[in-house]
Amino acid sequence: MKNYKIKTINNIAPEALDLFTENFAYSPDEENPDALILRSQDLHNYKFTENIRFIGRAGAGVNNIPVEKCSELGIVVSKAPGANANAVKELTAAALLLASRDIVGGIDWVRSLKGEEDIAQKVEKGKKAFTGPELAGKKLGVIGLGATGQLVGEMGLSFGMEVYGYDPFISLSGALNLSNQIHYSEDGKMLFKECDYISLHIPYSEETKNIVSRDLLAQVKPGLHLLNIARGGLVDLEALKEALEDGRVAKYVVDFPEEASLDLPNTINIPHLGASTPESQENSAKMVIEQAMDYLNNGNIKNSVNFPDCDMGQCTSAHRVTLNHRNIPNMIGQITAILAEEGVNIANLLNRHKDGWAYTMIDLDSEIPESLRKKLWAIEGVVRVRLIK
Ligand SMILES: NC(=O)c1ccc[n+]([C@@H]2O[C@H](COP(=O)([O-])OP(=O)(O)OC[C@H]3O[C@@H](n4cnc5c(N)ncnc54)[C@H](O)[C@@H]3O)[C@@H](O)[C@H]2O)c1
C-alpha cells in the first residue's frame with residue numbers, strides 16, 4: 001500500500017487519529033500533504049498544493065470550504081453527516097425549553113438578588129414574571145428533515161408536541177426513516193402560519209440565505225418561538241427585529257451570535273455550542289478519517305459534497321485507475337478508447353455523476369505506465385487521474 005501524508009488543521013480528536021493505519025503520517029505540520037482533515041478553519045484563502053486530493057470536514061456544514069474551486073482542482077470534499085446530529089438535537093431541546101420558559105431571565109434575576117435578605121420570599125413573589133407555556137400539545141415545525149431535523153422531530157414528539165416537517169429535498173433514506181407520527185408537509189409557509197415553535201435544520205447557501213424572510217415573518221402565527229441552531233444567515237435579522245418588537249415572534253434562540261443578533265430583543269444567543277460535545281467531535285473526526293483512508297487507499301468516495309459516492313470495495317485488481325471529471329458526454333468513450341489503444345483489459349468499471357461532476361473507477365487486468373495517466377488527464381474535462389496500487 002502507498003504511503004500518504006495527512007495535514008490536520010484544528011484540534012482533531014486523538015481517539016480518531018488513532019484510526020490511521022501505518023501507511024498514513026499525520027500532523028499539523030505535514031508538508032505537501034495528500035489530504036487535509038479539519039473542523040471549522042476557513043479555507044477560502046487557502047493555497048491548495050497539487051498533491052491534495054481529499055479534504056475531510058469533521059462536521060456537517062462545508063461553508064468554510066471553497067467547494068467549487070476544490071472540484072475544479074479534482075479535490076474530493078467529504079463531511080461527516082449525522083455524526084453530530086445527536087449533540088445538536090440535545091442543544092435544540094435546551095433551546096426549545098429556553099424559548100418557552102424564561103429560564104435565562106429568571107436565573108439572571110435571581111443572581112441580581114445576591115446580598116439581599118428574604119431571598120426565598122422574594123423568589124416566590126417575583127417568579128411570576130418568568131412564567132412560560134408548556135411544550136406538550138403545542139405545534140412544532142421542523143424545517144429540514146436530515147440527520148438532525150429527524151431527531152428533533154422525534155424529540156418534539158417525546159415532549160408531547162404535534163410535529164410538522166418540511167423538506168422538499170428529503171433523501172430517500174430520510175423519507176423511509178421519517179417517523180409516521182411526524183406530519184410531512186409540502187408547504188413550508190403553512191408551518192410558519194400554524195406552528196407555535198419552528199426549528200431550522202437546513203444548510204446555509206445562496207438558496208437558503210434569509211429563507212426566514214420578511215414575507216414569511218409577516219405570516220407567522222403570533223407569538224412564534226423561532227429556533228436557529230442551524231446557521232447564521234438563514235434569518236433576515238432586520239425583519240426579525242420588527243417581528244420581535246411587535247410580538248409576532250415571542251422568542252428567538254440562535255446558536256450563531258453576530259453583532260445584529262446581540263441587539264435583538266427577546267433573543268437568546270448561544271455561543272455555537274451545537275456540536276460542542278466530546279462525543280460529536282470524536283464521531284465526526286472518525287467518520288472523515290475512515291473516508292480519507294478509503295479514498296486514498298482504494299479510491300472509494302463516501303459522503304462527498306462535490307463528487308458522487310462510488311464504491312468498488314478494496315482494490316484487489318492489478319491496477320485501479322480513478323478519474324475525477326466534469327459530467328459531460330462521451331467521457332467514458334474517450335477513457336476506454338485510450339485504454340483500448342494500449343491493449344489494456346478492463347476488469348470492472350463504475351461511473352457516477354453528481355450535479356456537474358462525475359467520477360469513474362476502473363479496475364484493470366494489468367498495470368499501466370505513468371505516461372497513460374498523463375494521456376487520460378489530457379482529456380478535456382478531466383481534473384484528476386490517480387493510479388491506485
Ligand atoms: N449548531 C451547530 O453547531 C451545528 C452543528 C451541525 C450542523 N449544523 C447545521 O445544521 C444543518 C443540518 O444538519 P444535518 O446534520 O441535519 O444535515 P443534513 O444534510 O443531514 O440535513 C439537511 C436537510 O436540509 C434539507 N434542506 C436543504 N434545503 C432545504 C430547504 N430550503 N428547505 C427545507 N429543507 C431543506 C435537506 O434536504 C436535508 O434533508 C447543517 O447544514 C448545519 O448548517 C449546526
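This is a predicted model: local features need pLDDT of at least 70, side-chain atom pairs count only at pLDDT 80 or more; totals for chains, interfaces and linings use all residues.
**Entry 1: Ser185**

I started at a side chain that reaches back to the backbone: a polar atom of the serine 185 side chain sits 2.9 Å from the backbone nitrogen of aspartate 187.

Next I looked up where serine 185 belongs, and I found it in strand E8, which covers residues 183-185. Is serine 185 buried or exposed? With a relative accessible area of 7%, serine 185 is buried, because anything under 20% goes in that class. I then asked which residues serine 185 touches once those up to four places away in sequence are left out. I got Gly165, Tyr166, Met190 and Leu191.

**Entry 2: the second largest pocket**

I moved on to the second largest pocket and read off a volume of about 230 Å³. I counted 14 residues in its lining, and those nearest the centre are Asn51, Arg53, Arg373, Val385 and Arg386.

Which elements supply at least two residues each to this lining? I noted helix H14 (370-377) and strand E16 (382-388). Strand E16 has the largest share, with five residues. Sorted by class, the lining of this pocket comes out as seven charged, five nonpolar and two polar residues.

**Entry 3: the cavity**

I also searched the whole structure for cavities of 30 Å³ or more and got one. The largest cavity holds about 40 Å³ of space.

Which residues line the largest cavity? I wrote down Asn228, Arg231, Gly232, Gly233, Leu234, Val235 and Leu237 from one part of the list, then Tyr252, Val254, Phe256, Glu258 and Ser261. By class, I have six nonpolar, four polar and two charged residues in the lining of the largest cavity.

**Entry 4: aromatic rings**

How many aromatic pairs are there? My count is eight. One that I looked at is tyrosine 46 with phenylalanine 48, whose ring centres are 5.3 Å apart with 55 degrees between the planes, a tilted pair.

I checked the exposure of both partners. Tyrosine 46 is partly exposed at 22% relative accessible area, whereas phenylalanine 48 is buried at 13%.

Asparagine 10 has a phi of about 70 degrees. I placed asparagine 10 in the loop between strand E1 (4-8) and helix H1 (14-17). Asparagine 10 counts as partly exposed, since its relative accessibility is 30%.

The other is aspartate 355, with phi near 50 degrees. Where does aspartate 355 lie? I found aspartate 355 in the loop between strand E14 (346-354) and strand E15 (357-364). Its relative accessibility is 67%, so aspartate 355 counts as exposed, the class for values over 50%.

Technical notes
Residues are numbered from 1 along each chain as its sequence is written. Side-chain values use heavy atoms; hydrogens and water are left out. Helices (H or I, at least four residues) and strands (E, at least two) are DSSP runs, numbered from the N terminus. Buried means under 20% relative accessible area, exposed over 50%, partly exposed in between (1.4 Å probe, protein chains only). A polar contact is a pair of N or O atoms within 3.5 Å; within protein, one must be able to donate a hydrogen and the other to accept it, and residues adjacent in sequence count only if both atoms are side-chain atoms. Contact means heavy atoms within 4.5 Å. On a 1 Å grid over the protein atoms alone, a cavity is a set of points where a 1.4 Å probe fits but cannot get out, and a pocket is an open set with protein on both sides within 12 Å along at least five of seven lines; lining residues have an atom within 4 Å of a point. Grid points are joined across faces, edges and corners, and a volume is the space filled by probe spheres set on the points. Ala, Val, Leu, Ile, Met, Phe, Trp, Tyr, Cys and Pro count as nonpolar, Asp, Glu, Lys and Arg as charged, and the others, Gly among them, as polar. Rings of Phe, Tyr and Trp (its six-membered ring) pair if their centres lie within 6.5 Å; planes under 30 degrees apart count as stacked, over 60 as edge-to-face and the rest as tilted.
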